[in-house]
Amino acid sequence: MTTLSEAKDDAVRARHLIEALPYIMEYRGTTVVIKIGGHAMLSSALLDGFAEDVTLLKLLGFKPVVAHGGGPQIDALLKRLNIETSFREGLRLTDPETMKAVEMVLCGSVGKDIVSRISRAGGSAVGLSGKDCNFIAVEKEYASAVREDGTVEMVDIGFVGRPSRVDPEILNHLTAGGFIPVVAPVGVDAQGAAYNINADTLAAALAIALKARRLILLTDVSGVLDENGELLVTLSASQIADLKKRGLIKGGMIPKLDCCLRALEQGCGAASVIDGRVSQSLLLEIFTHKGCGTEITL
Ligand SMILES: Nc1ncnc2c1ncn2[C@@H]1O[C@H](COP(=O)(O)OP(=O)(O)OP(=O)(O)O)[C@@H](O)[C@H]1O
Ligand SMILES: [Mg+2]
């Protein structure tokens, strides 16, 4: 027999489901681009939770598109293969041999792992990179280094590129067919050579090409933090400029925030940086008023 306290617990659970109703109404039928950083893939349980969240979004009528990173996983394979890695201005020097390993990890391992977890959660995911249908064209990227005399040197860092064109057709076919695309950060140049793309940059380019309603970046911190390490629940473009000037936004957070602003400027409805270490963070961000990180605004 159900006790009174069990009945109350059930009522609370039912209430939580009902609280999601306005968000389901608002976002049903819209595209949500979700980036999961290599640094946010901290445990198998968190990745399974992520796969469940994405599957639930799809079943509720959203059109989730996943973009993923894989920096730590690339480092691990390069180490096992005894391929030495060096960095210039924070960017990996990507020679042909390194690029082969990068592609193996991103497309063959990390992407397919996310795909199979989504399948286990009951969804249908398809892993692809910019090589499929040539859908992400890149232009080669250079690192810029400031010389002693103050002039700027463009440093060749190999097969690193930024998207110059994203053709959304294949993604639209997949989402319309009920599939969840899982996109690895690899694009192609005019000769068909593979280039590694920063995964935040990829996610923003997908959000823009797909006219996404939301861009959500999962990372390994609770969101953007201020000088006291406190979470900034919202952050505007002018606040970002100020924090950058004061050196409080560094490293991997810089491309992330630049990408959010670029996506918002080009029509994406909302952009946020959320805590990938929290179980079911994606659902908390979408279905609760409080959210689960930092919302970026123009
Ligand atoms: N003001 C800030 N608030 C929060 N994190 C910051 C800030 N400034 C710099 N960071 C750094 O940004 C990091 C997140 O970016 P990072 O590139 O390391 O991860 P990711 O993009 O999620 O993963 P990947 O690059 O593998 O795809 C944080 O771990 C933190 O060290
Ligand atoms: Mg990063």
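Which helices and strand each supply at least two residues of the shell around ligand 1? In this predicted model, they are helix H4 (71-80), strand E11 (214-219) and helix H9 (253-265).

The shell as a whole holds 21 residues, and the closest to ligand 1 are Lys35, Thr219, Asp220, Leu248 and Lys256. By class, eight residues of this shell are nonpolar, eight are polar and five are charged. The space that ligand 1 takes up is the largest pocket.

Polar contacts to ligand 1 come from both side-chain and backbone atoms. His39 places a polar side-chain atom 3.0 Å from an oxygen atom of the ligand. Leu225 contributes through its backbone, where an N or O atom lies 2.9 Å from a nitrogen atom of ligand 1. At Lys250, a polar backbone atom is 3.1 Å from a nitrogen atom of ligand 1. Taken alone, ligand 1 exposes 640 Å², and the protein buries 78% of that area.

Helix H6 gives the most, with three residues. In the lining of the largest cavity, three residues are nonpolar, three are polar and one is charged.

Note on methods:
Residues numbered from 1 in each chain as written. Chains lettered and ligands numbered in written order. Predicted model: local features only at pLDDT ≥ 70, side-chain atom pairs only at ≥ 80, totals over all residues. Heavy atoms only, no water. Near = heavy atom within 4 Å. Polar contact = N/O pair within 3.5 Å; in protein donor to acceptor, adjacent residues only side chain to side chain. Areas by Shrake-Rupley, 256 points an atom, 1.4 Å probe, with all protein chains shown as cover. 1 Å grid on protein atoms, 1.4 Å probe; cavity = no way out; pocket = protein on both sides within 12 Å on 5 of 7 lines; lining within 4 Å. Sits in = over half its atoms within 2 Å of the grid points. Helix = DSSP H or I, 4+ residues; strand = E, 2+ residues; numbered from the N terminus. Nonpolar A, V, L, I, M, F, W, Y, C, P; charged D, E, K, R; others polar.
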